[in-house]
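Here are my notes from going through the model you sent. Have a look at the structure, then read on.

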Amino acid sequence: MLRREFLTVRNGLTADDVDTTARKLAERALELPELAHARTVAAYVSVGSEPGTRALLDALRARGVRVLLPALLPDNDLDWGEYAGPDSLARIQHGGKMALFEPAGARLGPEAVTAADVVLLPGLAVDARGMRLGRGGGSYDRVLARLERAGAHPRLVVLLYDAEVVARVPAEAHDKPVHAVVTPCGVRHFPSA
């Protein structure tokens with residue numbers, strides 16, 4: 001129910017809204033100390049009315065940051081590939097799900113994410129505790145569990161619209177808080193993460 005409400009609001013945004021927000025989001029994200037010192041960032045390519053990531057991906061790459069992007073596997077887990085610019089993306093239709101833009105080059109394996117200094121997570125909302133509400137597919141829950149098993153401790157950052165920072169979202173025992181949320185109006189860090 002809550003997911004549907006956030007998606008309904010997002011689906012009401014115009015392409016201009018999404019583009020304008022994407023530029024502001026990239027500017028704010030690039031101010032993060034976590035990204036200023038990162039050598040490898042695991043990110044994702046936004047689709048539809050998600051907060052836009054393409055400007056940020058290109059800015060990180062221009063800084064010399066290695067950017068890893070996910071490729072959805074049949075079991076909803078994620079493999080990873082390196083982003084080498086807009087021409088390195090392929091539009092992949094996954095059954096009845098939405099089409100995703102994924103790296104067209106070599107796959108590095110699901111464990112590649114453990115080398116990231118920062119993981120940019122998609123989401124629908126984050127609350128005052130830093131708990132993230134995802135889309136419900138479980139792909140990033142698997143990523144977070146993989147990081148924990150590997151003893152990897154990248155900074156976890158979620159990219160959202162301003163109205164998606166809320167008082168509270170439902171959380172389960174396995175959910176982990178993020179370190180920061182970036183919105184077009186600014187950045188908020190969460191000390192409990």
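1. Ground rules. This is a predicted model, so local features need pLDDT of at least 70 and side-chain atom pairs count only at pLDDT 80 or more, while totals for chains, interfaces and linings use all residues. Numbering starts from 1 along each chain as its sequence is written, and side-chain values use heavy atoms, with hydrogens and water left out.

2. Seven strands form an open sheet in the order 3-2-1-6-9-11-12, with mixed pairing. Its edges are strand 3 (78-82) and strand 12 (186-189), each of which pairs on one side only. From one strand to the next, the twist averages 25°. Strands here are DSSP runs of E with at least two residues, helices are runs of H or I with at least four residues, and both are numbered from the N terminus; two strands pair if DSSP finds at least two bridges between them.

3. Strand 2 (residues 66-72) runs antiparallel to strand 3, and the two pair over 5 bridges. Leucine 68 sits opposite glutamate 82 of strand 3.

4. Helices on the sheet. Helix 4 packs on the sheet and touches strand 1, strand 2, strand 6 (118-121) and strand 9, its direction making about 140° with that of strand 2. Helix 5 lies across strand 2, strand 3, strand 6 and strand 9, at about 80° to strand 3. For the angles, axes are lines fitted to C-alpha atoms (for helices, over the stretch in contact), and the values run from 0 to 180 degrees between N-to-C directions. Contact means heavy atoms within 4.5 Å.

5. Salt bridges. The count is 13, taking a salt bridge as a side-chain nitrogen of Lys or Arg within 4 Å of a carboxyl oxygen of Asp or Glu. Arginine 155 and glutamate 34 make one of them, at 3.8 Å from N to O. This pair links distant parts of the chain, 121 residues apart: arginine 155 is in strand 9 (residues 155-159) and glutamate 34 in helix 3 (residues 33-36). Arginine 155 is partly exposed at 33% relative accessible area, whereas glutamate 34 is buried at 13%. The cut-offs are under 20% for buried, over 50% for exposed and in between for partly exposed, with a 1.4 Å probe and protein chains only.

6. A second link. Glutamate 148 and lysine 176 form a salt bridge with their closest N and O atoms 3.6 Å apart. Glutamate 148 lies in helix 5 (residues 139-150) and lysine 176 in the loop between strand 10 (165-166) and strand 11 (180-183), so the pair ties together parts 28 residues apart in sequence. Glutamate 148 is exposed at 52%, and lysine 176 is partly exposed at 35%.

7. Methionine 131. Which loop holds methionine 131? Methionine 131 is in the one between strand 7 (125-127) and strand 8 (132-133), and is buried at 9% relative accessible area. Not counting residues up to four places away in sequence, methionine 131 touches Ala125, Val126, Val169, Ala171, Asp175, Lys176 and Pro177.

8. Serine 46. This residue lies in the loop between strand 1 (40-42) and helix 4 (54-62). Serine 46 counts as buried at 12% relative accessibility. Neighbours within four places in sequence aside, serine 46 is in contact with Pro51, Gly52, Thr53 and Arg54.
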